[in-house]
Amino acid sequence: MDLVESLAHKPAQAYLIVGATASQFARQFAQHLFCPQECQHCPHCTKLAHGTHPDLTWVSKSGKRISIDQVRDLQQKAVYPPVEAPKKIYVIESVEDLSLEAANSLLKILEDPPRYLVFILLAKSMNILPTILSRCQIVKLPTPPRAHIERVLRERGLSEREIEILLTLTKGLMPDESLLAVAKQFISERPKIQKQLGALHDQTLWQSLTEQNPFVRREAVIEILKRLPNYSSAQVLDLATTLSKCAQEIIEFFIQEALYWYRDNLGRRELLPDRHTIYALETALWKLQHNANVLLLAESLLFTLREGLRATSA
Ligand SMILES: [Zn+2]
């Protein structure tokens with residue numbers, strides 16, 4: 001009996017699934033609860049595959065957090081029994097992203113849920129309100145090795161390069177379904193996006209750093225790095241000013257991408273890694289997380305990066 005079967009054998013009302021593959025696991029678990037054979041062709045399996053099953057509600061964050069309104073909506077609909085399946089399932093993606101009010105509101109439903117309702121909460125770590133933890137059966141998933149994740153993604157139809165990009169973004173963890181969907185759409189449009197970014201004036205290109213889509217943002221960073229060796233000192237200072245006004249997570253993203261891109265490019269050209277530049281990038285990341293003066297940090301980093309890029313492209 002595998003993990004899904006053994007859990008479904010004696011179903012609880014609330015599960016907390018912890019691990020990088022939690023959303024895949026939740027999907028399979030929901031399917032198993034609705035169709036124990038996981039036959040792939042009955043109405044339950046078909047509707048689950050299309051995301052149209054009326055008895056499965058999948059809640060993801062809207063914006064930065066899962067809001068109190070989203071949880072209230074669940075609470076109101078919880079009084080209606082399932083339409084087609086024996087159970088009604090609420091999946092809450094990334095419990096870490098519940099706002100405090102939303103978490104407290106969720107607790108109220110978790111305290112005394114209707115018998116037909118099953119909660120599947122997903123989390124990346126155990127860093128969760130203890131009151132929520134205490135109401136859930138906790139399932140810790142093992143971290144799959146990278147080779148396994150790559151195989152799963154290949155089976156989903158992604159190419160080697162696409163997998164590489166995706167795993168760079170997730171830092172080697174299994175991407176969730178929403179990121180997979182964004183990735184697939186981006187990948188078909190990538191050449192067009194690169195062309196568009198390449199044609200932008202510097203100032204407009206720099207504004208693309210705040211782009212929501214991480215794939216597009218990543219391309220913007222790469223385009224900036226390509227232009228950086230040719231920038232005048234005045235331009236470097238302007239770029240530093242723009243960068244320093246971005247949210248901290250954007251600045252971190254920029255530095256992380258620069259690190260990846262720099263190592264990657266050096267690797268391809270079989271040059272010795274430029275320790276000085278890599279050290280500067282790593283130090284900048286650390287300083288950023290320790291309340292350094294962001295403008296000074298950006299200026300110093302961009303100049304070091306420009307010199308490093310000039311030296312290696314010479
Ligand atoms: Zn089925």
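Predicted model: local features only at pLDDT ≥ 70, side-chain atom pairs only at ≥ 80, totals over all residues.
1. Start with the overall layout. The protein chain splits into domain 1, covering 3-143, and domain 2, covering 191-313. Taken over C-alpha atoms, the centres of domain 1 and domain 2 are 40 Å apart.

2. Next, find the zinc ion. Its protein donors are the SG atoms of C35, C39, C42 and C45, at 2.3 to 2.4 Å from the ion. Along the chain, these donors follow the spacing C-x3-C-x2-C-x2-C. What geometry does the site of the zinc ion have? It is tetrahedral, with angles of 103 to 116° among the four donor atoms. For comparison, the ideal angle for four tetrahedral donors is 109.5 degrees. Both C42 and C45 are buried.

3. Now look for the largest pocket, with a volume of about 1700 Å³. Why does it lie between domain 1 and domain 2? Because both domains give residues to its lining. That lining has 42 residues, and K61, K124, L169, L179 and P214 lie nearest the pocket's centre. Helix α13 (248-268) is among the elements that give two or more residues, and its seven residues are the largest share. By class, the lining has 15 nonpolar, 14 polar and 13 charged residues.

4. Finally, visit the second largest pocket, which holds about 720 Å³ of space. Of its 27 lining residues, Q24, F25, R27, Q28 and E177 lie nearest the centre. Two or more residues each come from α2, α3 (43-50) and α7 (146-155), and α2 gives the most, with six. This lining divides into 12 nonpolar, eight polar and seven charged residues.

Notes: Residues numbered from 1 in each chain as written. Heavy atoms only, no water. Domains from an automatic or database assignment. Donors = N, O, S within 2.8 Å, 3.2 Å for Na, K, Ca; no water. Tetrahedral: all angles 85-135°; square planar, octahedral: opposite > 155°, others 65-115°. Buried < 20%, exposed > 50% of the residue type's maximum accessible area, 1.4 Å probe, protein only. 1 Å grid on protein atoms, 1.4 Å probe; cavity = no way out; pocket = protein on both sides within 12 Å on 5 of 7 lines; lining within 4 Å. Points joined across faces, edges and corners; volume = space filled by probe spheres on them. Helix = DSSP H or I, 4+ residues; strand = E, 2+ residues; numbered from the N terminus. Nonpolar A, V, L, I, M, F, W, Y, C, P; charged D, E, K, R; others polar.
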